[in-house]
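I opened this notebook page to record what I looked up in the model, one topic per entry. The sequence and the structure go in here before the notes.

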Amino acid sequence: MKIEVNGDAQNVLATNVEDALRELGWQGARVATALNGEFLPKAARATTDLSDGDRLEVLAPMQGG
């Protein structure tokens with residue numbers, strides 16, 4: 001299915017957010033996620049289904065000051 005990840009179109013085989021993160025190379029990474037503009041807790045990623053056209057944002061913490 002085609003989804004948008006951080007503003008870029010991506011084709012994924014995954015059907016839920018957790019599997020999409022794994023497929024896209026973020027497995028085990030400490031990231032925050034939002035689906036279609038709504039914050040998505042880590043605990044909900046495996047049970048949150050993706051649909052064609054969804055917008056997934058993946059944000060990693062940055063260090064610095």
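Before searching for pockets I wrote down the rule: on a 1 Å grid over the protein atoms alone, a cavity is a set of points where a 1.4 Å probe fits but cannot get out, whereas a pocket is an open set with protein on both sides within 12 Å along at least five of seven lines, and lining residues have an atom within 4 Å of a point. I also noted that this is a predicted model, in which local features need pLDDT of at least 70 and side-chain atom pairs count only at pLDDT 80 or more, while totals for chains, interfaces and linings use all residues. Residues are numbered from 1 along each chain as its sequence is written, and side-chain values use heavy atoms, with hydrogens and water left out.

Entry on the pocket. I looked up the largest pocket and found it lined by Glu18, Leu21, Arg22, Trp26, Gln27, Gly28, Ala29, Arg30, Val31, Lys42 and Arg45. Its space comes to about 220 Å³, the volume being what is filled by probe spheres set on grid points that are joined across faces, edges and corners. I sorted the lining by class and got five charged, four nonpolar and two polar residues, with Ala, Val, Leu, Ile, Met, Phe, Trp, Tyr, Cys and Pro taken as nonpolar, Asp, Glu, Lys and Arg as charged, and the others, Gly among them, as polar.

Entry on the sheet. I read strands as DSSP runs (E, at least two residues), numbered from the N terminus, and called two of them paired if DSSP finds at least two bridges between them. Five strands make an open sheet of mixed pairing, in the order S2-S1-S5-S3-S4. Its edges are strand S2 (8-11) and strand S4 (38-40), each of which pairs on one side only.

Entry on S5. Strand S1 (residues 2-5) runs parallel to strand S5 (residues 55-59) and is joined to it by two bridges; Glu4 has Arg55 as its bridge partner, and Val5 stands opposite Leu56. Strand S3 (residues 32-35) runs antiparallel to S5, with four bridges between them, and here Ala34 faces Glu57.

Entry on Gln10. This residue lies in strand S2 and counts as partly exposed because its relative accessibility is 29%, where buried means under 20% relative accessible area, exposed over 50%, and partly exposed in between (1.4 Å probe, protein chains only). Leaving out residues up to four places away in sequence, Gln10 touches Met1, Lys2, Ile3, Val5 and Leu24, contact meaning heavy atoms within 4.5 Å.
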